[in-house]
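Q: I have a structure here and would like to go through it step by step. Could you help me read it?
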Amino acid sequence: MFDFVRKHNRLFQLILLVLILPSFVALGVNGYSNFMDGSNAAVAQVDGQKITRAEWDAAHRQQSERLRQQMPNLDPKLLDSPEVRQRSLDNLVRERVLQSAVRLQHWQVSDEQLKHVFQTDPQFAALRQPDGSLNASLLASQGMNGPMFERRLRDSLAQDQVLRGVANSAVGSGTLSAQAFDAFFQRREVRLLTLSPAEFAAQVKPADAEIEAYFKDPANASKFQLPEVAQIEYVVLDAEALKAGVTVAEKDLKDYYEQNLNRYTVAEERRASHILIKADKAAPEAEKAKARARAEELLAQVQKAPASFADVARKNSQDEGSAVRGGDLDFFPRKNGMVEPFAAAAYALKVGEISKVVETEFGFHIIQLTAVRGGDTKSFDSVRAEIENEVRKQLAQKRYAELAETFSNTVYEQSDSLKPIAEKLGLSIRSALVQRKPAADAQGPLASAKLLDLVFSKDSLQNKRNTEAVEFGPSQLVAAHVTDYKPARMPAFDDVKAQVTQLLVARQAAAMAVKAGAEKLAALKASGDVGSLQAAQTVSRIQPGKLPPQVLKAILQADASKLPSFVGLEAGDGSYVIAAVTQVLPREGQAADPVRAAQQYAKAWSTAETEAYFKALKTQLKTTIKAPAAAASAVASN
């Protein structure tokens with residue numbers, strides 16, 4: 001097939017042109033590109049509207065960036081795990097469901113509600129300036145402006161209203177909360193007896209025929225079967241590795257420094273205090289004149305005694321937020337920190353100077369500059385290492401882009417060996433023994449599911465061809481060649497006889513432990529004597545000790561109407577556990593407080609009701625999720 005394509009290359013180019021050109025005419029270049037790379041493929045659907053893979057990827061990037069900001073030391077690999085990607089899709093679906101519910105139920109948020117939430121909610125404190133306005137510079141650093149923030153906040157509040165009524169409807173009565181908390185926090189005093197298979201192993205003496213029969217039993221085949229494996233050679237093209245071979249002239253480093261001088265300059269910030277006499281922009285001229293006159297009086301007062309500025313601000317400034325701090329506004333940048341007339345006046349002052357009266361949309365200000373920081377440029381020597389690393393990285397990336405096509409073409413065109421590409425680019429050939437799925441501790445290319453799929457493909461195993469080049473990380477390509485392959489197989493009996501014997505002994509010893517345990521349990525129930533059991537211990541769902549979950553569950557479900565109450569069961573590891581419940585104890589700590597218990601119960605009930613209502617909304621809006629996270633993760637990494 002591939003030979004035919006290569007011999008008739010021009011013919012295939014013509015056919016592809018005929019097929020592709022109409023698609024470009026109909027969809028446009030971007031539309032065709034999105035169609036071909038799967039970006040426009042639907043991964044979910046809500047109320048008839050699809051969520052595309054591109055939208056999912058964008059939402060995941062945003063969530064990952066928020067997590068990186070909150071936890072700078074977080075391992076980046078965790079952010080691209082199938083679980084985290086699934087959470088990103090779930091969050092996106094939830095947002096779309098609530099958006100549709102807002103539209104269908106006609107929820108609206110008034111300007112008064114919006115303003116009240118912004119001015120009173122503690123989570124927006126950092127975005128509120130002393131005068132109550134929005135901190136535009138902080139928003140800009142997060143890639144937003146005022147209208148975008150207002151729209152997002154309004155949407156969020158509207159979506160919150162969809163679920164709030166259900167969430168607030170839960171009531172935790174004393175009786176219901178007592179029953180629920182009893183089930184969860186009840187403590188029981190128990191005495192145990194564990195019969196371990198190890199106690200009976202010495203009594204088990206299986207014959208050779210019995211051991212071989214256990215080995216040949218089809219039900220046990222999976223315990224001994226050896227997995228299919230492939231011995232591979234592989235080569236890696238890595239931009240980071242290319243960086244080590246890049247050298248940069250000193251002149252080029254200095255030129256880069258001069259061209260990017262703004263990156264090494266710390267922006268100047270100024271700290272000022274102010275006294276504000278409020279005057280609304282739309283106020284009558286007489287009212288504004290009165291406010292200006294009052295500001296002029298205070299200006300004359302602080303000009304005579306500059307050291308009294310803070311005291312005058314505390315007593316007279318009408319900016320409630322800064323007045324308590326003597327008018328202090330902390331540091332702010334030249335742009336987007338304060339309204340323009342205020343910033344221009346502050347940046348025209350020297351430290352200690354007091355401005356004339358400055359009019360803004362909020363009224364009349366008297367400004368005193370108290371400190372200046374930043375504005376310094378780092379020297380070339382202090383950032384030389386950083387620049388060299390950056391330039392080498394850029395050159396290595398450029399070199400990688402130049403070599404990537406050569407790498408991909410060569411491993412395809414000379415597909416019977418990796419030596420040609422290794423010699424052409426000076427790459428080392430590595431080797432590894434791999435299975436179809438990445439090993440738990442696999443790293444780099446050996447952790448790529450796509451590479452392993454290609455390794456175990458028919459083209460690699462039967463046709464003995466190189467795999468195609470696979471991108472297993474940013475600017476990282478790998479190609480592999482199978483040198484030896486062993487299919488899944490059963491080992492020779494003699495090779496695993498010791499292992500088979502061990503498993504058979506463990507199985508028979510466990511059966512003996514269960515039988516002896518059941519007999520012991522029957523005797524204890526008949527006598528009611530707990531003297532032969534271990535010392536009493538107290539257990540609960542909150543403090544299970546070292547009990548296996550199934551044992552704890554049996555103890556807490558045991559009938560306590562008549563004590564002692566005996567239960568017995570297999571613990572899952574071959575052991576048989578007998579438990580005697582001797583006493584039921586009251587709840588402790590916060591769980592014993594009926595008022596707090598009722599509050600916590602109401603909260604839990606509210607959460608459950610809210611989630612149930614949300615699931616009903618998803619059903620009503622015919623919500624479907626079509627793409628598993630694992631698949632998307634594989635797409636994103638290739």
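Q: How many helices and strands are there in the protein?
A: The protein has 25 helices and 15 strands. These are DSSP runs numbered from the N terminus, with at least four residues for helices (H or I) and at least two for strands (E).

Q: What kind of model is this, and how are residues numbered?
A: This is a predicted model, in which local features need pLDDT of at least 70, side-chain atom pairs count only at pLDDT 80 or more, and totals for chains, interfaces and linings use all residues. Residues are numbered from 1 along each chain as its sequence is written, and side-chain values use heavy atoms, with hydrogens and water left out.

Q: What is the average pLDDT of the protein?
A: The average is 84, and 85% of the residues score at least 70. pLDDT is the predictor's confidence in each residue, from 0 to 100.

Q: Where is it below 50?
A: Residues 1-37 have a pLDDT below 50, and over residues 629-638 the pLDDT stays under 50. Where pLDDT is low, the predicted coordinates should not be read in detail.

Q: New topic: which residues touch the most other members of the largest nonpolar core?
A: They are Ile51, Val93, Val97, Phe124, Phe149, Leu153 and Val162, in a core of 29 residues. A nonpolar core is a set of buried (under 20% relative accessible area, 1.4 Å probe, protein chains only) Ala, Val, Leu, Ile, Met, Phe, Trp, Tyr and Cys residues joined through side-chain atoms within 4.5 Å.

Q: Which helix gives the most to this core?
A: Helix α5 does, with seven residues. Elements that each supply at least two residues include α5 (82-105), α6 (111-120) and α8 (146-167).

Q: What does Val97 contact, leaving aside its neighbours within four places in sequence?
A: Val97 is in contact (heavy atoms within 4.5 Å) with Val46, Phe614, Leu617, Lys618, Leu621 and Thr623.

Q: And at what angle do α6 and α8 cross?
A: Their axes, lines fitted to C-alpha atoms over the stretch in contact, cross at roughly 100 degrees and come within 11 Å. Angles run from 0 to 180 degrees between N-to-C directions. The helices α6 and α8 are therefore roughly perpendicular (65 to 115 degrees) to each other.

Q: Which residues meet there?
A: Asp111, Gln113, Leu114, Val117 and Phe118 of α6 meet Phe149, Glu150, Leu153, Arg154, Leu157 and Gln161 of α8.

Conventions: Buried < 20%, exposed > 50% of the residue type's maximum accessible area, 1.4 Å probe, protein only. Parallel < 35°, antiparallel > 145°, perpendicular 65-115°, else oblique.
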